[in-house]
Amino acid sequence: MSDTITFSQEIANLLHAVDGEPLKTCIQCGTCSGTCPAVPYMDHTPRLLISMINRGMKDEVMESNTFWYCASCYHCSVRCPQDIDITELMYALKRYSIWRRQYKEGLIGPTFSESFVKMIVRSGRSFEPILATSYIFSFNTREFLQEIQGATELLIKGRLPLLPARIKRLENFRRMIGRIIPMGGLE
Amino acid sequence: MKEFAYFPGCSLEKMASSYHMSALETTKRLGVKLNELDDWNCCGATTYFYIDELLAYTLCARNLAIAEKTGLDVVAPCSACYKNMFFTAAHLKKDEDLAEHVNFALEEDNLHFNGNVNVKHLIEVFAEDIGPEELKRSVTKPLEGMKIAPYYGCQIVRPQKEKENVEQPQFFEEILSALGATPVNFPLKMRCCGGSLILSSRIAALNMLRNLLQSAVDAQASVIATACPLCQVNLEVYQQQVNLEFGTNFSVPIMYFTQLVGMAQGIPNKQLGIGKEFVAIKPTPFKAEPVWGLPRKTTKE
């Protein structure tokens with residue numbers, strides 16, 4: 001029991017239903033990096049990130065914006081010759097980083113995720129105007145104005161909801177969630 | 001008469017109400033009945049799945065259990081909802097421990113998932129359950145001369161389920177051909193629209209959108225057809241921002257495939273939700289008088 005687990009083992013443990021450490025089978029071919037549509041904006045390519053995990057570079061990985069730029073398009077996953085589900089890896093890293101509250105400064109992803117989850121727990125449905133408050137104040141003035149303009153046009157065309165939708169059996173729904181997150185999930 | 005349990009998903013309530021309207025109108029004419037699920041909840045989108053998988057599976061399982069009670073297969077028009085529900089059903093069928101845990105939570109809403117429901121995307125219903133032949137028979141106003149880019153996006157075809165073609169599927173092209181339109185060779189048809197990056201990592205998403213729009217324009221498409229509300233909203237609502245960011249002047253209408261089906265079936269625009277878009281569809285240059293389309297707004301060339 002004295003053995004501490006390595007960073008790459010920790011990450012492997014976060015992947016759904018896998019045995020062993022799939023990341024160790026990576027042959028560094030770079031198919032994922034060549035496929036990824038968001039790669040020009042990432043601090044590290046997916047190939048490099050896998051290599052960093054395998055080398056145990058925990059702090060550098062956590063400080064990377066790479067997994068927050070994953071749009072979960074699964075293009076890398078279907079092309080990986082070693083069948084590594086790279087998208088699932090990016091999910092695992094997001095999860096890990098939110099749990100530890102350790103992520104690169106200035107990212108919108110983590111706060112956006114948190115308000116999304118709270119919204120669903122509260123009403124069972126998604127409601128765009130509430131969601132917007134989680135990211136819109138991080139925008140610069142031009143982005144902010146563009147977003148307002150877009151929202152106004154959507155509103156005029158009747159495409160924005162004014163009142164949040166709620167499911168009918170909300171009490172049951174919340175108790176259902178309480179059985180998954182027994183404490184602290186519902187404030 | 002084919003019948004399905006229908007899970008519209010949050011976007012179709014308002015943002016993509018034209019998808020909802022056109023889905024119901026067109027399937028009705030094809031003898032397919034879509035019964036909206038009672039008291040459905042959000043599928044968890046992408047976000048829930050990376051925050052807490054167990055909770056995400058539970059959210060989807062609730063909808064699956066409600067659908068199972070009807071004895072019908074469940075259909076989702078949104079690619080993200082579809083992917084989430086499809087893989088939740090698959091995991092729960094395979095993993096007894098997971099199913100037990102999730103069912104323990106579902107008890108609170110007097111539900112139980114037995115694993116007897118299949119999940120389909122709406123476009124699969126058109127491509128497989130209805131099929132191009134039957135679809136063609138329902139066409140009264142063929143979309144002749146209309147060049148359309150079939151945009152598959154991500155989560156209809158990915159992740160891979162069995163051995164299906166994930167690089168060059170053809171079912172979208174077949175649907176468009178059945179309508180009398182010309183599907184163009186759209187090289188980026190399988191690329192991502194950016195999804196929720198449009199909110200969290202805007203510049204990356206705008207760049208992806210620019211590439212898609214450019215690819216469609218290069219292929220001489222006059223319309224991009226989508227089968228997902230997120231793809232539609234990103235490509236359309238943020239098209240102007242792409243133009244501002246990259247100095248381009250795209251003006252490409254983005255239509256739900258069901259709206260195109262409806263146009264070919266001669267359904268009035270209003271019933272298909274046409275008129276709610278940012279970039280209005282232009283009349284075909286191949287016809288003297290527009291048999292379809294919207295003359296109400298001029299778009300800049």
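Modeller: Start with a definition. Two strands count as paired if DSSP finds at least two bridges between them. Keep in mind that this model is predicted.

Biologist: Which residue stands opposite B:Ile224 in strand 7 of chain B?

Modeller: That residue is B:Ala149. Now count the links: three bridges join strand 5 of chain B, residues 147-150, to strand 7 of chain B. These two strands run parallel.

Biologist: How many bridges join strand 7 of chain B to strand 8 of chain B?

Modeller: Three bridges, and again the strands run parallel. Strand 8 of chain B covers residues 254-256. Within it, B:Tyr256 is the bridge partner of B:Thr226.

Biologist: Which way do the residues of strand 7 of chain B point?

Modeller: The general idea comes first. Side chains in a regular strand alternate between the two faces of the sheet. Here is the case. B:Val223 and B:Ala225 point one way from strand 7 of chain B, while B:Ile224 and B:Thr226 point the other way. All four are buried.

Biologist: On to helices. At what angle do the axes of helix 1 and helix 12 of chain B cross?

Modeller: Two packed helices are described by the angle between their axes and by the distance between the axes. For helix 1 (residues 17-28) and helix 12 (residues 257-264) of chain B, the axes cross at roughly 45 degrees and come within 8 Å. Angles under 35 degrees count as roughly parallel, and 65 to 115 as roughly perpendicular. Helix 1 and helix 12 of chain B are therefore oblique to each other. Their crossing is left-handed.

Biologist: Which residues in helix 1 of chain B meet helix 12 of chain B?

Modeller: B:Ser18, B:Tyr19, B:Ser22, B:Ala23, B:Glu25 and B:Thr26 do. On the side of helix 12 of chain B, they meet B:Thr258, B:Gln259, B:Val261 and B:Gly262. The residues of this contact divide into three nonpolar, six polar and one charged.

Biologist: How many residues of chain A are in contact with chain B?

Modeller: The number is 53, and they touch 49 residues of chain B. Helix 7 of chain A (109-123) gives the largest share of chain A's side. Its share is six residues. The residues on chain A's side divide into 29 nonpolar, twelve polar and twelve charged.

Biologist: Where is A:Leu160, and what does it touch?

Modeller: A:Leu160 sits in the loop between helix 9 and helix 10 of chain A. Leaving aside neighbours within four places in sequence, its contacts include A:Pro129, A:Leu154 and B:Lys14. A residue needs 20 or more other C-beta atoms within 10 Å to be buried, and 12 or fewer to be exposed. A:Leu160 has 18, so it is partly exposed.

Biologist: Is the peptide bond from B:Arg158 to B:Pro159 cis or trans?

Modeller: That bond is cis, with omega near -10 degrees. B:Pro159 sits in the loop between strand 5 and helix 7 of chain B.

Technical notes. Residues numbered from 1 in each chain as written. Chains lettered and ligands numbered in written order. Predicted model: local features only at pLDDT ≥ 70, side-chain atom pairs only at ≥ 80, totals over all residues. Axes fitted to C-alpha atoms, helices over the stretch in contact; angles between N-to-C directions. Parallel < 35°, antiparallel > 145°, perpendicular 65-115°, else oblique. Left-handed = near helix turned anticlockwise from the far one by under 90°. Contact = placed C-beta atoms within 7 Å. Nonpolar A, V, L, I, M, F, W, Y, C, P; charged D, E, K, R; others polar.
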